Amino acid sequence: MKVMIRGNESIAYAFKLARVQVVPAYPITPSTLVPEKISELIANGEMKAEFVPVESEHSAMSAAIGASAKGVRVGTATASQGLALMHEVLFIASGMRLPIVMGIGNRALSAPINIWCDHQDMMSQRDTGWMQFYAESNQEGLDLGIMAFKIAEDERVLLPAMVGIDAFVLTHTVEPVELPEQKDVDDFLGEFVPHYVTLDPQNPATLGSFGFPEHFMEFKYGQWIAMERAKKVIDEVFEEFEERFGRKYMKVYPEFVEDAEIILVTMGSMTSTTREFVRRLREQGKKVGLVKLTVFRPFPKEELREILKNAKVVAVVERNISFGFGGAVYAELSSTFSRMKEKPKIVDFIVGLGGRDITFNTLNSVVEIAEKAMHEEVDEVNWIDVNKEAVLKAEGLL
Amino acid sequence: MNYEKEEFFAPGHGLCAGCAAPIIVRWILKLAGPNTIVTNATGCLEVATTAYPRTSWRVPWIHVAFENAAAVASGIDAALKAKGEKVNIIAFGGDGGTVDIGMQALSGMVERGHNVLYVLYDNEAYMNTGIQRSGATPWGAWTTTSKVGSANPIGKLRPKKPIAKIIAAHDAPYVATANPAFFNDFKKKVKKALSIEGPKFLHVLSSCTTGWRHDPSKTIEILRLATETGLFPLYEIENGDFENMRITYKPKKFKPVEEYLKPQGRFRHLFKNPEYIKKLQKDVDEWWAKYGKYYRP
């Protein structure tokens, strides 16, 4: 069934279709509509779940852990400051190997306070042991939301997962979305069976115990192995999803790359603009390609090496910044190629922070520098569409 | 079912000799029985009872972090409702994890009406990290962050946060203070709390031999003195009805506060100035003058 829904509703419908049993959530712009929609679906009797209107995001994740440890399917949603407030507990959800799924309305972090899109919130949680998926459209938000449960709950994985949908560009924008039938999702996901030890009075177990140095690293190594194994599970689930629902997903989604000299790497909604931009460049005979990174954790090193190895320049176009180094995707992509003899020149482009629009002009600036990089040295990290002069003056450098 | 002869809290844990926390926990579990899930805030109790791969807990138990035992309990409660199961949920937190860093989560849990018994074992400081003052540390107590010296001869300069009253002000169905030295009163309150649907809060005084600096063999004696002097009154408040608050024990003859303070190293400095002892005695006398009428045995 085709419906016209906002990105937040995609997450809410993914939870409904996955028959999530407990949703602890706290309102925050731009993901507030997720708990609102869940509350509505429950009030209308369309969804059977326990909604816990917690008093903070920290408590949202804590309650999610408690519920998941009791052995039910759990979903929640947050963004930005809310995700940052959860930081402490995110490590615990993954360390306890609980397959919680969380929708994120990707939004900038303060200061200055800003409610619009960038990927700083999720990027800042990359080491928390959660899988990370980034949606390009509301359809992807829904599909990835459903698939995230299947991947997270697989007994080879048992890790929590975040699905990012860009603030406002997706969260608040109405798009046509193919809503799968409940029966088809039921068949795809199967009934929820916790493949982990739960809080069961019939079989008492101690969860979240104190790990001394002689045991701690083995727990962490287990998480490492799980994340590595998730790579294959993600592929399997993506393939099965395509067979059942006809929509194709890849961890790394390449377009126009066969003979491309310059390949742009994008994430999330900016991919749509970039696709059209690249298509036009192709019409002009320019050898430019596009790679969409749908999965950031686990980082799909193998696929990226294979797809990008023949490019002359890889332009990483990203909406986050790690001060003192560069963008997170640039950092990871650079080290992905560190052992390769033949490798593309990788150049970083910081764009669209705090909801600044990513337009053809933005991408023109990116490609201009990338073309220059084919023949000469360029800056490693390039800030695009920034009034640099004003900043340099304010910093006393001009 | 009566499980008083069964043990759900196994020996062999690493809590100090003379620590009151395991006495409290052991008996609450005996009264609750095996159909119970425990969530525990970070603290001495959690650290000393679950050194992987060993555990003292014979009921399902979960620890997540310091400030969120009440939120974890809320999630378990939601999951039980989703599954249609009836199980006791008991949250244990120390005073730091309850009156300070865990206050928000606890307030939220009570406001939302989760069916949880939250037990504060109050040893009046952050003992697990080494005796730092908390919101529950009483006036005049020495701790490692309310030190006593020439510029501050008193120690902690602020009174204890009235946590039971704060939770009662949420109109919680059941709030009580309890003391393991008054065992029948303690048992009655635990049983009553477990029989009530909704959020219940028990504030239990729990002495700490290392932090209070007392002889480990004197735990129960000192706890008894806390109530016999009137410093730690035992009462219950149901549904936020302060007018019908019920003091459940009143000493026939109050002991002077010195008797409670004397055996504890944390109050030793107060005896250098009789005014300090007088102040504490005055505080107690005032409390009882105001609330004594609520003694309803």
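What you're looking at is a predicted model, where local features need pLDDT of at least 70, side-chain atom pairs count only at pLDDT 80 or more, and totals for chains, interfaces and linings use all residues. Residues are numbered from 1 along each chain as its sequence is written, chains are lettered from A and ligands numbered from 1 in the order in which they are written, and side-chain values use heavy atoms, with hydrogens and water left out.

**Where chain B meets chain A**

- Let's start with the head count: 39 residues of chain B touch 37 residues of chain A, where contact means heavy atoms within 4.5 Å.
- The size of an interface is often given as the accessible area lost when the parts come together.
- Here, chain B and chain A bury about 2900 Å² between them, with carbon and sulfur atoms giving 67% of that; buried area is the accessible area (1.4 Å probe) that two parts lose on being put together, summed over both.
- Three residues stand out on the chain B side: B:Y52, B:P60 and B:R112 supply 19% of the area that chain B buries against chain A, more than any other three residues.
- B:R112 turns up again in a salt bridge with A:E55, where the closest N and O atoms are 2.8 Å apart.

**Which parts of chain B do the touching**

- The elements giving two or more residues to this side of chain B are β1 (36-40), α2 (44-49), β2 (61-63), α3 (69-83) and α5 (103-112).
- Those labels come from DSSP runs, numbered from the N terminus: helices are H or I with at least four residues, and strands are E with at least two.
- The largest share, 10 residues, comes from α3(B).
- By type, the side of chain B that touches chain A has 22 nonpolar, 10 polar and 7 charged residues.
- For that sorting, Ala, Val, Leu, Ile, Met, Phe, Trp, Tyr, Cys and Pro count as nonpolar, Asp, Glu, Lys and Arg as charged, and the others, Gly among them, as polar.
- A pair of strands also links the chains: β9 (residues 206-207) of chain A pairs with β2(B) in the parallel sense over 2 bridges.
- Strands count as paired if DSSP finds at least two bridges between them.
- In β2(B), B:W61 is the bridge partner of A:T206.

**The two domains of chain A**

- Chain A divides into domain 1 (2-245) and domain 2 (253-394), with bounds from an automatic or database domain assignment.
- Their C-alpha centres lie 28 Å apart.
- The contact takes 28 residues from domain 1 and 27 residues from domain 2.
- About 2100 Å² is buried between these domains, and carbon and sulfur atoms give 55% of it.
- On the domain 1 side, A:M123, A:R126 and A:E136 lose the most area to domain 2, together 30% of what that side buries.
- A:R126 also forms a salt bridge with A:E332 (2.8 Å, N to O).
- In total, 5 salt bridges are counted between the two domains.
- Between the domains there are 16 residue pairs in polar contact, both at pLDDT 80 or more.

- Most residues other than glycine have a negative phi, and most peptide bonds are trans.
- The peptide bond from A:T29 to A:P30 is cis, with omega near 5°, and A:P30 sits in the loop between β2 (22-25) and α2 (33-43) of chain A.
- Another cis bond runs from A:S110 to A:A111, with omega near -5°.
- B:D171 isn't a glycine, yet has a positive phi of about 60°.

Methods:
Salt bridge = Lys/Arg side-chain N within 4 Å of Asp/Glu carboxyl O. Polar contact = N/O pair within 3.5 Å; in protein donor to acceptor, adjacent residues only side chain to side chain.
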